[in-house]
Amino acid sequence: MMGFCEIDFEFNDTSEKYVNVVCVAYKLRDYTGKVVRNTQAIWLEGDDTAKIGFANFLLSLRDKYQMLSYAAEAEARCFIALGVHPLQFKWV
């Protein structure tokens with residue numbers, strides 16, 4: 001069974017092709033709802049190393065976690081801005 005990744009990005013430049021990702025917060029839960037990793041917040045704006053690291057972290061979750069998001073289209077745009085294809089993930 002898959003767990004859940006509650007994820008929320010903040011971004012700007014919404015009229016551009018790629019949004020400017022500012023930061024992200026996420027929490028990991030197993031399939032029963034038990035917290036696996038408590039809320040983590042990461043500043044990404046202006047830090048290419050952090051962006052690459054978080055993109056790789058997202059890819060490590062791909063087959064283990066479903067992405068939970070209030071506004072999945074916005075979060076998917078942030079995935080794209082980080083170079084991660086959002087359709088490789090399951091979304092709720």
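Strands here are DSSP runs of E with at least two residues, while helices are runs of H or I with at least four, both numbered from the N terminus.

A word on what you are viewing: this is a predicted model, where local features need pLDDT of at least 70 and side-chain atom pairs count only at pLDDT 80 or more, though totals for chains, interfaces and linings use all residues. Residues are numbered from 1 along each chain as its sequence is written, and side-chain values use heavy atoms, leaving out hydrogens and water.

Next, colour strand β1 (residues 3–12), which pairs with β2 in the antiparallel sense over nine bridges; pairing takes at least two DSSP bridges between two strands.

Now select helix α1 (residues 48–61), which packs on the sheet and touches β1, β2, β3 and β4. Contact means heavy atoms within 4.5 Å.

Then bring in helix α2 (residues 72–81), also packed on the sheet, with β1, β2 and β4 as the strands it touches.

Step back to see the whole sheet: four strands form an open, mixed arrangement in the order β3-β2-β1-β4. Because β3 (35–43) and β4 (65–68) stand at the edges with a single partner strand each, one side of each is left without a neighbour in the sheet.

Finish at K27, in strand β2 (residues 20–29). Leaving aside residues up to four places away in sequence, K27 touches F4, C5, E6, V35, R37, N38 and T39.

Definitions and conventions: Axes are lines fitted to C-alpha atoms, for helices over the stretch in contact, and angles run from 0 to 180 degrees between N-to-C directions.
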